[in-house]
Amino acid sequence: MFADSEKKKKKKERKALRERAGHLSERAACGLHCIKMTDIGVYAGKTPIIEHVNLHIHCGKLTAVIGRNGAGKSTLIKAILGERAHTGTIEFRDMKENKMKKLRIGYVPQHLNIKKDAPVSVYDLFASCISNVPVFLLRKKALYDKITSRLALFEAEGLIDKKLGDLSGGELQRVLLSIACTPVPNLLLLDEPISGVDQKGMELFYETIHGLKEKYDLSVILVSHDLALVKEYADSVILLDKTVLCEGTPQAVMESSQFHEIFG
Amino acid sequence: MEFLNYGFMKNALLAVLIITPLFGILGTMIVNNRMAFFSDALGHSALTGMAIGVLLGFSGTGVPMLLFALAFALLLTYMKRKSTASTDTLISVFSSLGTAIGLVVLSRGGNFSKYSALLVGDILSITAKEILYLLGALVLTLVFWLVFFNRLHAVSVNQSLAKSKGISVRLIEDLFAMLIAVIVMLSIRWVGILIINALLILPAAASANISSNMREYHLFSVILSVASGVLGLVLSYYLNAAAGPTIVIVSAVFFLVTLLAKPFFAE
């Protein structure tokens, strides 16, 4: 009886979270945008780090990339970002109008390259990423308000004047997520975005992502080590080891022989 | 204020009033970007730049020093990107090499003493024209800051994040490295190779102790930098000591004070 009401309460919380995330955009995911990556390869000299990677992702889907350490997951993310030179093509197609569009990417990093006591506030980082109003000189009211409203979508509006180093893991994650979603991206890249966050924070995070991609016109690629959460939230899974070994629904991939070879 | 009766002291004070805010601003991102080693190496490379100028028979050594520093800065940035070796080690190697080559060339024939002013600097010898160059450097830095600061800041926090926002990471890194090279070369003769890095780093590091956002960080850094510059210059006059090192000592005292005050500024 007790367990049941707990479950119900949790379900209600999740629903509320999803709805909040849904307010980000009026449009629902239409499934008519797709991102097609063909024969992606990244080489260190002549040694391939990843090669012959083909991915096809529709909007509204969460694709998880899993694999052992050094399988090339982060390299794939960097190639998609255009940070590492790669072979092959990445196309973003609008199937409604049947034309190519420029892909707008939102990225949530693994960690930030700042000291714990660095004098950087949430506003400073956010404004630096989305505007050219120099943060060392001005704090523009309009920009401040805009950032507050974007942070509010992830329940982070109260953090705007805090130092980045004073945030908890979960708070930092919500801030980074709202930066990644401003402006609304077509593709959200999450590179193991859950280090230093407790179990509850992790679940909340996944719920938010889930809500985002349900209501939004966006696809999500997530690099993760947490197979249990991947199983619960991913629409499809890619098992990567230099190239795509196996892909499909979480269940199919996790029952495959390749999966058992790598994860035992 | 009797020291202002001397023309050289007036010039020196003017130069300090330009260099210190400039260093206060530039230092903030050198500290945040953890580029202290880099700016130090650039300072040392001034010796090689000067040596090249001497070898090529330039009358003034400013231009070859500047060109060499720019090439050196871009080379270091390139190596940092390409190499998997630790950046600190790499920069140390280049810094030592830059110093050694310069010393070998300049000390041939046993008259290095001619160049020793480069080591500790001599702000009292600055002329009106050279003060104008410094003013140019200050304007250049301010313009760079107004136009590129946000992008530079985003890059320093996380390169991939900056890239995802359409910022061209390499260009920004290269431009910033070149800016540091220009500023270091334009001021090295007045400040000195041994001291320049302390003046770049200390005010910003002190400011970081008591700031909680970018505006405070810049404001305090500039204030502390100018205060140590003026106070140090005046002290050096009455102590009859070299100006640069006196300024460094004052800066260091400010740093220690802010370090002690730090707990009171945390929430």
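At what angle do the axes of helix H9 (residues 196–210) of chain B and H10(B) cross? The structure is a predicted model, in which local features need pLDDT of at least 70 and side-chain atom pairs count only at pLDDT 80 or more, while totals for chains, interfaces and linings use all residues. Residues are numbered from 1 along each chain as its sequence is written, with chains lettered from A and ligands numbered from 1 in the order in which they are written.

The two axes (lines fitted to C-alpha atoms, for helices over the stretch in contact, with angles from 0 to 180 degrees between N-to-C directions) cross at roughly 135 degrees and come within 8 Å.

Turning to the interface, 31 residues of chain A are in contact with 25 residues of chain B. H6(B) gives the largest share of the chain B side, eight residues. That side divides into nine nonpolar, twelve polar and four charged residues.

In chain A, strands S1 (residues 33–44) and S2 (residues 47–58) run antiparallel and are joined by eight bridges; pairing takes at least two DSSP bridges. A:Ile40 has A:Val53 in S2(A) as its bridge partner. Two residues lie between the strands of this hairpin, where A:Gly45 adopts a positive phi near 65 degrees. Helices (H or I, at least four residues) and strands (E, at least two) are DSSP runs numbered from the N terminus.

Technical notes: Two residues are in contact if their C-beta atoms, placed from the backbone, lie within 7 Å. Ala, Val, Leu, Ile, Met, Phe, Trp, Tyr, Cys and Pro count as nonpolar, Asp, Glu, Lys and Arg as charged, and the others, Gly among them, as polar.
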